[in-house]
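Hi,

Here is the structure I promised to pass on.

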Amino acid sequence: MAFEPPRRLVKALGEAAPSGDDWLEKLPEAAQQAVALRELTVERVQVPGGRSSLVVLVRLPDGTPAVLKLAPGRARPESERAALAHWDGLGAVRLLAPAGAEGVLLLERLHPDVSVRSLAEAKSMLEAAGALRRLWVEPPAGPVFETVAERTGRQAEAMRAGADAEAAPLVDAALAVRDELLASPPESRLLHGTFRQSKVLAGERSPWLAVGPDPVVGECAFDLARLVRDRVEDVIASPSGSAITRRRVKRLAESLDLDQERVRGWTLFRAVESGVRARRVGRSQDAELLLEFASWL
């Protein structure tokens, strides 16, 4: 089978690829090798798929459905492997092979086309929050994962360097709130890192399970920031968008027993960071949506 990467993946990786990166060129051969090594039967490449990895629906030699995932090193697939191994299926997709070639993960098959995003908004937020709560466990000992301070520190540097005059006031506000939040952090947990509705899929052994973590260790409020802005296009289009945003922050914070101001603060920081990054790579429409959303926080 020809493993042609979906256009969505090609575009996303092309925006962020460092000079000389040839991962996409080598991807078809790497996928063939991974399939042959495990004696897998290929069903199809998942389309449109994600923005950081190739997802292939396969079957194990005994016929069990599974997923083969291949990701470049900059997507931190080994960190994802470590987090999935630590969760061991609790709230998240199960890792079927704890070891493997770098950047290649063999995963439990969920229902790839059914996420909580398919539910009505109130129900989807409730189910997503419940799935997220199960992931917040004690992290393993040692520096296994990046911390929130480390990750946002890198992002803060890029924000300072990439902000134009229009975005500068929001960037200043986001950096200030980051400093405040890191000055007195609550207890740390292992976090999903990039949690949103589309990252929660229907499963067999549990109604909803999380996929695609970019794990990080820190306070739980950080993990809610991306969920608050889910369906941001609909929120921006609504005449009461700012009120919807404030209600989301309040309801999600209350449902998970978190400080509302800390959820608001991390949502602001992460929305501005995403907006500045989107503008830097030429996604001007996404940037405008994200920065307008951030202005309501």
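Which strands does helix α3 (residues 77-87) lie across? Helix α3 lies across β3 and β4, and runs at about 35° to β4. Before I go further, the housekeeping: this is a predicted model, so local features need pLDDT of at least 70 and side-chain atom pairs count only at pLDDT 80 or more, while totals for chains, interfaces and linings use all residues. Residues are numbered from 1 along each chain as its sequence is written, and side-chain values use heavy atoms, with hydrogens and water left out.

A word on the naming: helices (H or I, at least four residues) and strands (E, at least two) are DSSP runs, numbered from the N terminus. Axes are lines fitted to C-alpha atoms, for helices over the stretch in contact, and angles run from 0 to 180 degrees between N-to-C directions.

**The sheet**

4 strands make up an open sheet, ordered β1-β2-β3-β4, with antiparallel pairing (two strands pair if DSSP finds at least two bridges between them). β1 (41-45) and β4 (104-108) are the edge strands, each pairing on one side only. On average, neighbouring strands here are turned by 30° against each other, direction ignored. Helix α2 (residues 23-38) packs on this sheet and touches β1, β2, β3 and β4, where contact means heavy atoms within 4.5 Å. The direction of α2 makes about 145° with that of β3.

Going strand by strand, β2 (residues 54-59) and β3 (residues 65-70) pair antiparallel over 6 bridges. Arginine 59 has proline 65 in β3 as its bridge partner, and valine 58 stands opposite alanine 66, also in β3. On the β4 side, 5 bridges join β3 to β4, again antiparallel, and there alanine 66 stands opposite glutamate 108. β3 is mostly covered, with 5 of its 6 residues buried (buried means under 20% relative accessible area, exposed over 50%, partly exposed in between, with a 1.4 Å probe and protein chains only).

The hairpin of β2 and β3 has 5 residues between the strands, and glycine 63 in it takes a positive phi near 95°. In the loop between β1 and β2 you will find proline 48, joined to valine 47 by a cis peptide bond with omega of about 10°.

Two residues other than glycine also deserve a look. Arginine 76 has a positive phi near 55°; it sits in the loop between β3 and α3 and counts as partly exposed at 28% relative accessibility. Aspartate 88, in the loop between α3 and β4, has a positive phi near 50° and is exposed, with a relative accessible area of 51%.

**Back to α3**

Which residues of α3 are buried? They are Pro77, Ser79, Glu80, Arg81, Ala83, Leu84 and Trp87. The buried residues of α3 pack against β3, β4, α4 (121-135) and β6 (189-191).

**Helices around α10**

Helix α6 (residues 168-183) and helix α10 (residues 260-280) pack with their axes 9 Å apart, at an angle of about 140°. That makes α6 and α10 oblique to each other (angles under 35 degrees count as roughly parallel, over 145 as roughly antiparallel, 65 to 115 as roughly perpendicular and the rest as oblique). The crossing of α6 and α10 is left-handed, meaning the near helix is turned anticlockwise from the far one by less than a right angle; clockwise would be right-handed. Among the residues that meet are Leu170, Val171 and Leu181 in α6 and Trp266, Phe269 and Val272 in α10. The contact of α6 with α10 divides into 13 nonpolar, 1 polar and 3 charged residues (Ala, Val, Leu, Ile, Met, Phe, Trp, Tyr, Cys and Pro count as nonpolar, Asp, Glu, Lys and Arg as charged, and the others, Gly among them, as polar).

Helix α9 (residues 241-255) and α10 cross at roughly 125°, their axes coming within 9 Å, and are likewise oblique to each other. α9 passes α10 in a right-handed crossing. Val249, Lys250 and Ala253 of α9 make this contact with Gln260, Val263 and Arg264 of α10; by type, the residues are 3 nonpolar, 1 polar and 2 charged.

Finally, glutamine 155 in helix α5 (residues 148-162) counts as buried at 18% relative accessibility. Glutamine 155 touches Phe269 and Glu273, not counting residues up to four places away in sequence.

Cheers
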